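Open your viewer and keep the selection tool ready.

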Amino acid sequence: MKFKFYKQLDSMDCGPTCLRMVASYHGRKFQLRTLSNICGFNKDGVSMLGLNDAAQKIGFKTLGVKMTVQQLNFAEKPVILHWRQSHFVVLYRIENDKYYLADPASGLITLNENDFKNNWLNDEKEEGIALLLFPTPEFYKQQGEKKERVQWLFIFRYLIKYKQLLFQLILGLLIGSLLQLIAPFLTQSIIDIGVNTHNISYLNTILLAQAALIVGRVSLEFIRAWIILHISTRINIAILTDFLIKLMKLPMSFFDTKMTGDIMQRMNDQKQIETFLTSSALTTVFSVFNLIIFSVVLAFYNLSIFYVFAGGSLLYTFWVSLFLRQRRVLNYKNFEIAAKNQSCMVQMITGMQEIKLNNCEQEKRWEWEEIQAKLFNFSVKKIALSQYQQAGTTFINEGKNLLITFLSATAVINGQISLGAMLAVQYIVGQLSNPVDLLLAFVQNFQDARISLERLNEIHEMQDEETAEKQWISHLPTDKSLSINNVTFRYPGAGNEAVLKNIDLYIPEGKTTAIVGMSGSGKTTILKLLTRFYEPESGTITIGDEVINQIKFKTWREQCGMVMQDGFIFSDTIERNIAVGSGKPDLTRLVRAIHVANLKDFIEGLPLGLNTRIGPEANGISQGQRQRILIARAVYKDPHYIFFDEATNALDATNEHIINENLKAFFKGRTVLIVAHRLSTVSHADNIIVLERGVITEQGTHRELTDSKGRYYSLVKNQLELGA
């Protein structure tokens, strides 16, 4: 049975892609996106446990084992192998001490036993990890999924918008082709009539005509270049804009499973699509037109020469097609390495402070240099492939041209054609070679654009955070109390322990509720569930009588002000960082936000005041100032719900006291949920929840909990100075 190979689209897609290949081998088609969802996929990819669980869900009986190479020989194929301790591949055949592998990152490969052992076996033991898969009747009951088609119509709609410009472009190309068609006949007439009859006036007339043709062609090229620039720039912006719009519609969980470099590299992919649409596709249409017209003219002059040209062109096409598969492999490899390179650079630049503080400059530089070495090796392979291809094409083309020259010269000597006709034939052959080159370039560009389109389609076909089919509620109920009912949640990744376990929590409207507990107990997770970054694994969250996931995201988030531990400061002015999303900030709300966050003295001490630029690319600010700006942002929004996650832990005692007093007034009539460790932040809360390992252990007011001397008392006794 022929083994169907699939390529991974992202650097972390190797596991689901391997499972996709094994399922295809046994006769069932699954989309990569489907398998990724059931694998427990996250930014680190998937684990062997995740693959095992996913395989069982689609009907395989599985066995994850450590085995020797000898034992692997007797195992049923195909089998998924843990490769180089950080990757997954499929072993689909062993034959004559050759190991046939499908590597989703690089393609189908064949290794000898020694190379296979070096990549698969653990350094310490002569064993490697394998996942054996056996299809069950349940697997064959699966309907599978239809093959995902690359949606070219989705892309061509960008081109159709510019019908008038396209018509002008097509008209220009058509006129240019006709002007080129006249040239060989003018060349022949110069020799056969002007030179042979010594007619200078005729020669002058023809030369003037040729000069006019040259001016016309240059003018057309100039206009065509401007039209293409105009169309390509607009298409480029449109594709990128739609991609960003789609990204912003995706759920937050998507960004937990994608590396920054993968997303950025997809944004670069649109350039290949835009080039294909605006240059390759249009030019190729007229290349085909030129090829047909000039072929007919060449056949009219001499059939033998036409057959030689046609045979040489077919050989040329065959030679170039031999390299298409390898170019596809290199294209995928380039995406993977470029994505890692971008992620590495982003981490180095944004994490420079931590790099220097921990004296790990050399280590991080070596990581970057290792990626550069891979890029260099990739470039060497790409250049080598191009050189082999170029050498063959040059040999074929030059050989074809020499043979045509010989045949045309022989035809002149034998009186079959005139000298002028010979020169015309040479001109026609030159004009025919260009369309052939453009057609082959079109095939290569089509391949590159198709790969890029696959990656873009993967994003565009993902389900939005808010689907159009669902009937969403666009207003909040009268009762704005929040209830968490029997909620369990775990982060993506097979084998991850539940962060929250059957939580029941009531947050009354207009009251302040605080959550305390040790790090990792699930406090921040509750906030993220309430702000709908994630959906619960089980259980429901309600606002009054309405289930929260029935309410429109925008409606809900308009009423939520949240200050996270890792809240983001934009590279912009202080004013625009506080009044995020406001075209023209409301002065009254801005003044109140600055007052509540105690920012007035800080802002007045700056030369540009509210217009001072801050953020990653501007003036640095302290952690305390950062937190105060984030608090001011939440206050400016003037929401009904306030969610604070350690919002004042970086503040000094004075600022914290002032801001807490200001917040007490601001909190009146609002539903507030605070996650904090400091007693000063939570002691005033109407209800304090104590969370431990995803379970609520106790709750009550500050006095009730300290009097009971339970878990809460243990957490804050050092702050209370009550002793043991």
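## Stop one: helix α14

Select residues 361-413, which form helix α14. Its 53 residues, at 1.5 Å a residue, should span 78 Å, and its end C-alpha atoms are 75 Å apart, which agrees. The expected span is 1.5 Å times one less than the number of residues. Helices here are DSSP runs of H or I with at least four residues, strands are runs of E with at least two, and both are numbered from the N terminus. Now click on G415, which follows α14 and has a positive phi, near 80 degrees.

A word on what you are viewing: this is a predicted model, in which local features need pLDDT of at least 70 and side-chain atom pairs count only at pLDDT 80 or more, while totals for chains, interfaces and linings use all residues. Residues are numbered from 1 along each chain as its sequence is written, and side-chain values use heavy atoms, with hydrogens and water left out.

## Stop two: spans from the record

UniProt, in an unreviewed entry, places the feature "transmembrane region" at residues 165-186, 206-227, 276-299, 305-324 and 402-429. Such annotations may be inferred rather than shown by experiment; feature names are shortened, and positions are in the numbering used here. Select residues 165-186: the span is 100% helix and 0% strand, with end C-alpha atoms 32 Å apart. Then select residues 402-429. Here the chain is 82% helix and 0% strand, and the end C-alpha atoms lie 11 Å apart.

## Stop three: helix α15

Move to residues 419-460, helix α15. Is L432 buried or exposed? L432 sits in α15 and is buried, at 0% relative accessibility. Buried means under 20% relative accessible area, exposed means over 50%, and partly exposed lies in between (1.4 Å probe, protein chains only). Draw a distance from L432 to I293: they are 139 residues apart in sequence and 9.4 Å apart, C-alpha to C-alpha.

Next, pick A449, also a residue of α15. A449 is buried, with a relative accessible area of 0%. K271 is 178 residues away along the chain, yet the two C-alpha atoms are separated by 8.9 Å.

## Stop four: helix α16

Select residues 523-530, helix α16. How many of its 8 residues are buried? The count is 7, so α16 is largely enclosed by the rest of the structure. Color the buried ones: K523, T525, I526, L527, K528, L529 and L530. R532 follows α16, and its phi is positive, near 65 degrees.

## Stop five: cysteines

C18 is buried at 0% relative accessible area, and C560 is buried at 6%.

## Last stop: the largest cavity

A cavity is a set of points on a 1 Å grid, over the protein atoms alone, where a 1.4 Å probe fits but cannot get out; lining residues have an atom within 4 Å of a point. There are 3 cavities of 30 Å³ or more. The largest holds about 70 Å³ of space. Select its lining: F644, E646, A647, T648, N660, L663, F667, I674, V675, A676, T681 and H684. The largest share, 3 residues, comes from α22.

Technical notes. 1 Å grid on protein atoms, 1.4 Å probe; cavity = no way out; pocket = protein on both sides within 12 Å on 5 of 7 lines; lining within 4 Å. Points joined across faces, edges and corners; volume = space filled by probe spheres on them.
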